[in-house]
Amino acid sequence: MKKLIPFVGVCLFWCQMSLAAYDGVSYRIHQQYQSPRALGMGNAFVAVANDYSALFYNPAGLAFRESGELNLSFDVAVSDAFGSFSKEISDASKTKGTETDKQNAIFTAIQKQYGKSFGGRFTAPNGIYVGQGWGVGFIPADLSVELTPNQPVSISSTIYMDTTLALAYADTYKEIEDAKIAWGITGKIINRGYFSKSVDAIELAADSNLVKTSDLKEGYFIDADIGVLYKPHIADDDSIFSLLRLARPTFGAVVKNVIDADSVGSLKLFNKEASADSKPAKLTRVIDIGTRWEYPSMWIFGGRGVLDIKNILHPAFNLRKGLHLGFEFDWSMYNWWKGNYRVGLSQGYLTAGLSAMFTVFNLDLVTYGEDVGTYKTPKENRLYLARFSMNF
């Protein structure tokens, strides 16, 4: 214990210094993979991890699988005014007249949106297969965009374009009787195109494209996530604690991006001219911990409550951004016709979602908020996401 105290003190000091460096700038935490199911329940999923998305949320969940699952999907998420803002900038850049007229039109379009933030995300058709104790996934393109009009007249733009190949292995730890403990590891190769720049109105007047492929920093990372799940044994006796058997509590933890190194090279998938010195934003090592508690099933309904503390060690972490909690309500008419309703709280903002499955076709809808403000002044960017998928 005495040896632990100095270590904790150093960690707290490091976190405080990192947070201070974020004072006054955007501190959005970029999620490398998003599950609409998890997002609907506040993005708290560390101790659930019982579907294909366990590959990226907590690979230890794969050890408890009893069958295989193949998910083929694509999704799109946008802020409610993302399309209209992009169109206003594009239309203003086509204003007829002098160059000054065009610049003034762009000035006006940007000034109308001061104080707002716009975002979008598109995940190209991708596939994930998970089985008992293993999984593999390939996401060819995961594009994330954040636009913020600022003063003086400019648009701060941050863009991620990730291509991900992941392979996972998981197993149970059999040395402890009764209780169930699982561990898992997901190895990842991620090629990232990255752009972060403030583009002023004069530049937009000359070229309405906010981002050119030649501006993208690009590089690939080799990293891994390591997770554990713990399902305690609760004795079936006359004590009050035996009632907890109905809730089937589960506890989980995962360390993401354990290597946390700079990119090691460039595959030049997006920018053929990318140089070795032009490195994209790092993946960033973080720790997620969480717990899950089941509701008693009644008729066609069931569900669970979840609580996570996420992104511990991230420079932008604080309790408000790290707290994620939610509730999921299942309903099932038949094996081929079922769904879920979800509500939650993520980064201080409400989330809600629903899923419906008919045979092998799935539709997931969710709304959630991202914190894109500064450390002192949180600001919400609300997005609406739809995922279309097939599960086999």
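A salt bridge here is a side-chain nitrogen of Lys or Arg within 4 Å of a carboxyl oxygen of Asp or Glu. The structure is a predicted model, in which local features need pLDDT of at least 70 and side-chain atom pairs count only at pLDDT 80 or more, while totals for chains, interfaces and linings use all residues. Residues are numbered from 1 along each chain as its sequence is written, and side-chain values use heavy atoms, with hydrogens and water left out.

Side chains of opposite charge can pair when their charged atoms come close. By the rule above, the count of salt bridges comes to 20. One of them joins R121 to D142, with 2.7 Å between the closest N and O atoms. This pair links distant parts of the chain, since R121 belongs to strand 2 (residues 118–131) and D142, 21 residues apart from it, to strand 3 (residues 134–150). Strands (E, at least two residues) and helices (H or I, at least four) are DSSP runs numbered from the N terminus. Both R121 and D142 are buried, where buried means under 20% relative accessible area, exposed over 50%, and partly exposed in between (1.4 Å probe, protein chains only).

Another salt bridge is formed by D288 and K310, whose closest N and O atoms are 3.3 Å apart. Because D288 lies in strand 8 and K310 in strand 9, the pair ties together parts that are 22 residues apart in sequence. D288 counts as buried at 1% relative accessibility, and K310 counts as buried at 1% as well.

Strand 9 (residues 301–312) also holds N311. The phi of N311 is near 65°, a positive value in a residue other than glycine. N311 is buried, at 5% relative accessibility. T284, in the loop between strand 7 (250–256) and strand 8 (286–294), has a positive phi too, near 75°. Most residues other than glycine have a negative phi.

E294 and R292 form a salt bridge with closest N and O atoms 3.3 Å apart. E294 is buried at 10% relative accessibility, and R292 is buried with a relative accessible area of 9%. The two belong to a network of salt bridges that links R37, D51, R248, R292, E294, R304, E328, D330 and R342.

Helix 5 (residues 99–111) has 13 residues and reaches 18 Å from its first C-alpha to its last, close to the 18 Å expected at 1.5 Å a residue; the expected span is 1.5 Å times one less than the number of residues. Its buried residues include K102, Q103, I106, A109 and I110. These residues lie on the same side of helix 5 because they cover an arc of only 120° around the axis, the arc being that of the directions from the helix axis to the C-beta atoms.
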